[in-house]
Protein chains: 2
Amino acid sequence: MLGTPSRNRQTERREATRREIVDAAWEVARDEGLAQVTLRAVAERVGMRAPSLYSHFASKHAIYDAMFADAWTECGRAGREAEAKHPPQSLRDAMHLYAATFFDFCVVDLARFQLMNQRTIPGFEPSPESYAPAVAVLDELRDRLATFGVTRLEDIDLYTAIVGGLIDAQLANDPGGDRWRRLLDHAIDMYVDSLNH
Amino acid sequence: MLGTPSRNRQTERREATRREIVDAAWEVARDEGLAQVTLRAVAERVGMRAPSLYSHFASKHAIYDAMFADAWTECGRAGREAEAKHPPQSLRDAMHLYAATFFDFCVVDLARFQLMNQRTIPGFEPSPESYAPAVAVLDELRDRLATFGVTRLEDIDLYTAIVGGLIDAQLANDPGGDRWRRLLDHAIDMYVDSLNH
DNA sequence: GCATCCTCCTAATCATGTTAGGCACTCCTA
DNA sequence: TAGGAGTGCCTAACATGATTAGGAGGATGC
């Protein structure tokens, strides 16, 4: 029967093991790159053999899926932390804050960024459930910008595309540097100016 | 000895076979996606067995390498064709022209775009020789924009980052559609305005 | 005509994701 | 408290992909 203490203990353990596996996958990704995230490598870190992971995940992509959800959940948290620390007082403030926070969040961990951009992993498509945190982040952003009067979908699309473009350029052309990071503030100012006609 | 007719005939045949292989790889990429570009699949299209490809390329990545060079060479050609057809009369013209040309060039073939963005293929790094056409395209762009007075490196960096961001967003969020394509002209106008202070 | 080289082949190896099947331990219940 | 169900891990094996080893056959050059 569901809801009994032992049942809870069991699902708790099960959940803990899943977390352990996903955390191990994150370690491998950060230490050796996303390409090195192999079932054997992950299993070894948790003291298992590769096939045993199938007791917890239906496939390797299911692990990616959990990582994808992790990344966007963390991203949302980073955004909320940033706005708690420096509550934006104007649209310009807000646009700088969210752009810079997202930029730094992405650039600090290439593997995580690659995961968040599902396109970079051939054949991987996040499940609707795992996609939810990503949608939530975007919804939150829309909500915040709406309080400053920006509600048009295209305005937000262009905003995110610009920030994404700078992140991409940074990682592709100057990883570890800050060449495009230095352009970010200028780009945002330009964009906010254009919104004010 | 080098330079004899027979030697030329030999290297010609050799070159032709290399081309055939790379073309076959392009076919597979376009028809079935980059992930399906396997040595067996490529070899089958040229009537060979997979190991035989090693007589012409040192590795699968070497084939990617040739494709990478192809893509950027074509990209440069597309740019020159576009400017021949509609010679830009102003900075604004030019920025619209190159952005739209590049955007359309990328969006029309996802596999090609993934190749041009080497980051999307785990472990693949283009060789300096294959990188040359990519550098040439950027040099050409710099040269053209310079004739309209834009010479600051950061200005061109931001320009390419914005265009790249829109392409990325288009392919990631609305493949086959034109949602971000419609934002492109507006983005470029905004950017040119910002250059004119 | 004979030696050489070049291209392609088959067979085999290695890495990876995945499936099959079995053993042991836990936990519930009679 | 003994047995039975279910769970979680294991080993063995398989499929597919890149790659290497080694050899056969034909074109090329003397």
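1. Basis of the note. This is a predicted model, in which local features need pLDDT of at least 70 and side-chain atom pairs count only at pLDDT 80 or more, while totals for chains, interfaces and linings use all residues. Residues are numbered from 1 along each chain as its sequence is written, chains are lettered from A and ligands numbered from 1 in the order in which they are written, and side-chain values use heavy atoms, with hydrogens and water left out.

2. Overall architecture. Chain A contains 8 helices and 0 strands, in the order α-α-α-α-α-α-α-α from the N terminus. Helices (H or I, at least four residues) and strands (E, at least two) are DSSP runs, numbered from the N terminus. Taken along the principal axes, the box filled by the C-alpha atoms of chain A is roughly 60 × 40 × 30 Å.

3. Of the 197 residues in chain A, 47% are buried. Here buried means under 20% relative accessible area, exposed means over 50%, and partly exposed lies in between (1.4 Å probe, protein chains only). Contact means heavy atoms within 4.5 Å. When contacts in chain A between residues at least 6 apart in sequence are considered, 66% join residues at least 24 apart.

4. Charge. Chain A carries 23 positive and 30 negative side chains, and the centres of the two sets are 6 Å apart. Lys and Arg count as positive and Asp and Glu as negative, whereas His and the chain ends are not counted. Each charge is placed at NZ of Lys, CZ of Arg, CG of Asp or CD of Glu.

5. The largest nonpolar core. A nonpolar core is a set of buried Ala, Val, Leu, Ile, Met, Phe, Trp, Tyr and Cys residues joined through side-chain atoms within 4.5 Å. The largest has 65 residues, and those touching the most other members are Leu145(A), Tyr159(A), Leu166(A), Met95(B), Leu145(B), Tyr159(B) and Leu166(B). Two or more residues of this core come from each of α4 (91–107), α6 (128–147), α7 (153–173) and α8 (181–195) of chain A, and likewise from α4 (91–107), α6 (128–147), α7 (153–173) and α8 (181–195) of chain B. Leaving out residues up to four places away in sequence, Tyr159(B) touches Ala94(B), Met95(B), Tyr98(B), Ala99(B), Leu141(B), Leu145(B), Ile188(B) and Tyr191(B).

6. Salt bridges. Side chains of opposite charge can pair when their charged atoms come close. A salt bridge is a side-chain nitrogen of Lys or Arg within 4 Å of a carboxyl oxygen of Asp or Glu, and the count over all chains comes to 38. Arg142(A) is bridged to Asp139(A), with the closest N and O atoms 3.3 Å apart. These two residues both lie in helix α6 of chain A, 3 residues apart, about one turn of the helix. Arg142(A) is partly exposed at 27% relative accessibility, as is Asp139(A) at 39%.

7. Arg144(A) and Glu140(A) form a salt bridge at 3.5 Å, N to O; both lie in helix α6 of chain A, 4 residues apart, about one turn of the helix. Glu140(A) is partly exposed, with a relative accessible area of 22%. In chain B, Asp143(B) and Arg144(B) meet in a salt bridge of 3.1 Å, N to O. Asp143(B) is partly exposed at 44% relative accessible area, and Arg144(B) is partly exposed at 21%. Through shared partners, salt bridges join Arg80(A), Glu83(A), Glu140(A), Asp143(A) and Arg144(A) into one network.

8. Loop positions. His56(B) lies in the loop between α2 (39–45) and α3 of chain B. Is His56(B) buried or exposed? His56(B) counts as buried because its relative accessible area is 14%. Apart from neighbours within four places in sequence, His56(B) is in contact with Arg14(B), Thr17(B), Arg18(B), Ile21(B) and Met48(B). Gly176(A), in the loop between α7 and α8 of chain A, is exposed at 84% relative accessibility. The C-alpha atoms of Gly176(A) and Val108(A) are separated by 8.4 Å, with the two residues 68 apart along the chain.
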